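Here is a short briefing on one protein structure. Keep the sequence and the 3D view open as you read.

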2 protein chains.
Amino acid sequence: MERVPILKIGDILLVSIQVDMSDQTAVTLQDDLAERIVATGCHGVIIDITALDIVDSFVGRMLSTIASISKVLDAETVVVGMRPAVAITLVELGLSLNGIRTALNVERGMELVAASRDDEWDEVGGDEDAETTATS
Amino acid sequence: MERVPILKIGDILLVSIQVDMSDQTAVTLQDDLAERIVATGCHGVIIDITALDIVDSFVGRMLSTIASISKVLDAETVVVGMRPAVAITLVELGLSLNGIRTALNVERGMELVAASRDDEWDEVGGDEDAETTATS
């Protein structure tokens, strides 16, 4: 089980990190994610870290790299499900997760992605996306 | 990391199983799931097993138990992301996953849940749910 599964939900790719990330797992995840973004044309990547007890500099760097790769491929990255203790540790360690957007849970993350797409396309009208998240 | 995270997306609870299930993890997951169904009033439980290389009788039984518990709490369970090799092994082992509905991926699982809710509520009109999945 060295591969973190990537789930496609509408316009969003959802990744739930539950295992300890090794170098290899992290690289594989980045590769898989980049491929899936291109293959599906999704505009949002949501990374759920509910299961993580700690986010060290390695994981923090991995999240930043994923966000940067997604950005280049025209996809927004949102990290969701951070535990209060993880947030406290992050700040204490001096890791600020630069360039990474966060949300409380998956639903809010989806709203954030939809909202940022709507901003870009507001003259065209992104009502469909807004409606999808409004039902949540 | 002994707890499998449960993600709420709209009317659905999503569980992605990525770790080897021990007795304790399975019981905790069942308890957590039952509590979340009651707390959120969700009508669908989607269990993603993309990451599982094998589904043995223990995991099969756990999935059946979860489906039964959800049923009693008025929620539909759909298992998604089964690998071809897992399906073959299941049949060879004589495990037929009785009473468990399956779908190819999360999106189809969501459609299945929405469709079964629509069937129940067709006279009231479940258009909102149908629209949510139609965007996928």
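Chain A holds five helices and five strands. Its elements run along the sequence as β-β-α-β-α-β-α-β-α-α. Keep in mind that this is a predicted model.

**Chain A overall**

- Chain A has 136 residues, and 47% of them are buried.
- Take the contacts between residues at least 6 apart in sequence: 70% of these join residues at least 24 apart.
- The accessible surface of chain A is about 6600 Å². Carbon and sulfur atoms account for 53% of that surface.

**Helix α2 of chain B: length and faces**

- Helix α2(B) covers residues 57-72, which makes 16 residues. At 1.5 Å a residue it should span 22 Å, and its end C-alpha atoms are 23 Å apart, so the two values agree.
- Which residues of α2(B) are buried? They are B:Val59, B:Gly60, B:Met62, B:Leu63, B:Ile66, B:Ala67 and B:Ser70.
- Seen down the axis of α2(B), these buried residues fall within an arc of 160 degrees, so they line one face of the helix.
- An α-helix has 3.6 residues a turn, so residues three or four places apart point the same way.
- Exposed residues sit on the face turned away from the buried side of α2(B): B:Arg61, B:Lys71 and B:Val72.
- The cover over the buried residues of α2(B) includes α1 (23-40), β3 (44-48) and β4 (76-80) of chain B.
- After α2(B) comes B:Asp74, which has a positive phi, near 65 degrees.

**The sheet of chain B**

- Five strands of chain B make an open sheet, in the order β1-β2-β3-β4-β5. The pairing is mixed.
- Which strands stand at the edges? They are β1 (6-9) and β5 (101-103) of chain B. Each has a single partner strand, so one side of each is left without a neighbour in the sheet.
- From one strand to the next, the twist averages 30 degrees.
- β3(B) and β4(B) run parallel and pair over five bridges.
- In this part of the sheet, B:Val45 stands opposite B:Thr77 of β4(B).

**Where helix meets sheet**

- α2(B) packs on the sheet and touches β3 and β4 of chain B.
- The direction of α2(B) makes about 150 degrees with that of β4(B).
- Both of these strands are also among the elements that cover the buried residues of α2(B).

Technical notes. Residues are numbered from 1 along each chain as its sequence is written. Chains are lettered from A and ligands numbered from 1 in the order in which they are written. This is a predicted model: local features need pLDDT of at least 70, side-chain atom pairs count only at pLDDT 80 or more; totals for chains, interfaces and linings use all residues. Side-chain values use heavy atoms; hydrogens and water are left out. Helices (H or I, at least four residues) and strands (E, at least two) are DSSP runs, numbered from the N terminus. Buried means under 20% relative accessible area, exposed over 50%, partly exposed in between (1.4 Å probe, protein chains only). Contact means heavy atoms within 4.5 Å. Accessible areas come from the Shrake-Rupley method with a 1.4 Å probe; for residues, only the protein chains shown count as cover. The expected span of a helix is 1.5 Å times one less than its number of residues. The arc is that of the directions from the helix axis to the C-beta atoms. Two strands pair if DSSP finds at least two bridges between them. Axes are lines fitted to C-alpha atoms, for helices over the stretch in contact, and angles run from 0 to 180 degrees between N-to-C directions.
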